[in-house]
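User: I am new to this structure and would like a short tour. Could we begin with its surface?

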Amino acid sequence: IEVFWMHQMLFPLDMVWINNGQIIGISHNVPIPAKGVMDSQLPTYSSPSPVSDVLELNAGAAAKMNVGDLVTIQNSSSL
């Protein structure tokens, strides 16, 4: 299981949890940290089960994605 936190993030995200090319969970509209909150007090966001990849998108970008959808991750250096 992967755990993320929003250390110094300036905009909300959607986190798409992927295992072997299939979406197993989506955390929608993960908010930026509240001002003045210490790093040790920030909320964490966890995958529903072990994952091979996590796709971070601008909040709202995962609205048309669903658990069970298949995805292909391309190496950006080959684009």
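Analyst: The accessible surface of the protein chain comes to about 5400 Å², and 53% of that belongs to carbon and sulfur atoms. Accessible areas are from the Shrake-Rupley method with a 1.4 Å probe, and for residues only the protein chains shown count as cover. This is a predicted model, in which local features need pLDDT of at least 70 and side-chain atom pairs count only at pLDDT 80 or more, while totals for chains, interfaces and linings use all residues. Residues are numbered from 1 along each chain as its sequence is written, and side-chain values use heavy atoms, with hydrogens and water left out.

User: What is the mean pLDDT of the chain?

Analyst: The mean pLDDT, the predictor's confidence in each residue from 0 to 100, is 91, and 95% of the residues reach 70 or more.

User: How many helices and strands are there?

Analyst: The protein chain has zero helices and five strands. Helices (H or I, at least four residues) and strands (E, at least two) are DSSP runs, numbered from the N terminus.

User: And where is confidence lowest and highest?

Analyst: Confidence is lowest in strand E1 (residues 3–5), with a mean of 87, and highest in E3, at 97.

User: In what order do the strands of the open sheet stand?

Analyst: The open sheet has three strands in the order E3-E2-E5, with antiparallel pairing. Strand E3 (22–30) and strand E5 (53–58) are at the edges with a single partner strand each, so one side of each has no neighbour in the sheet. Two strands pair if DSSP finds at least two bridges between them.

User: Over how many bridges do E2 and E3 pair?

Analyst: Strand E2 (residues 13–19) pairs with E3 over six bridges, in the antiparallel sense. Trp17 stands opposite Gly25 in E3.

User: New topic: which residues make up the largest nonpolar core?

Analyst: Seven residues do: Met6, Leu13, Met15, Trp17, Val30, Tyr45 and Val51. E2 gives the most to this core, with three residues. A nonpolar core is a set of buried Ala, Val, Leu, Ile, Met, Phe, Trp, Tyr and Cys residues joined through side-chain atoms within 4.5 Å. Buried means under 20% relative accessible area, exposed over 50%, and partly exposed in between (1.4 Å probe, protein chains only).

User: What is Tyr45 in contact with?

Analyst: Leaving aside neighbours within four places in sequence, Tyr45 is in contact (heavy atoms within 4.5 Å) with Glu2, Val3, Phe4, Met6, Met15, Trp17, Val30 and Pro31. A second, separate core of five residues includes Ile18, Ile23, Leu57 and Ala62.
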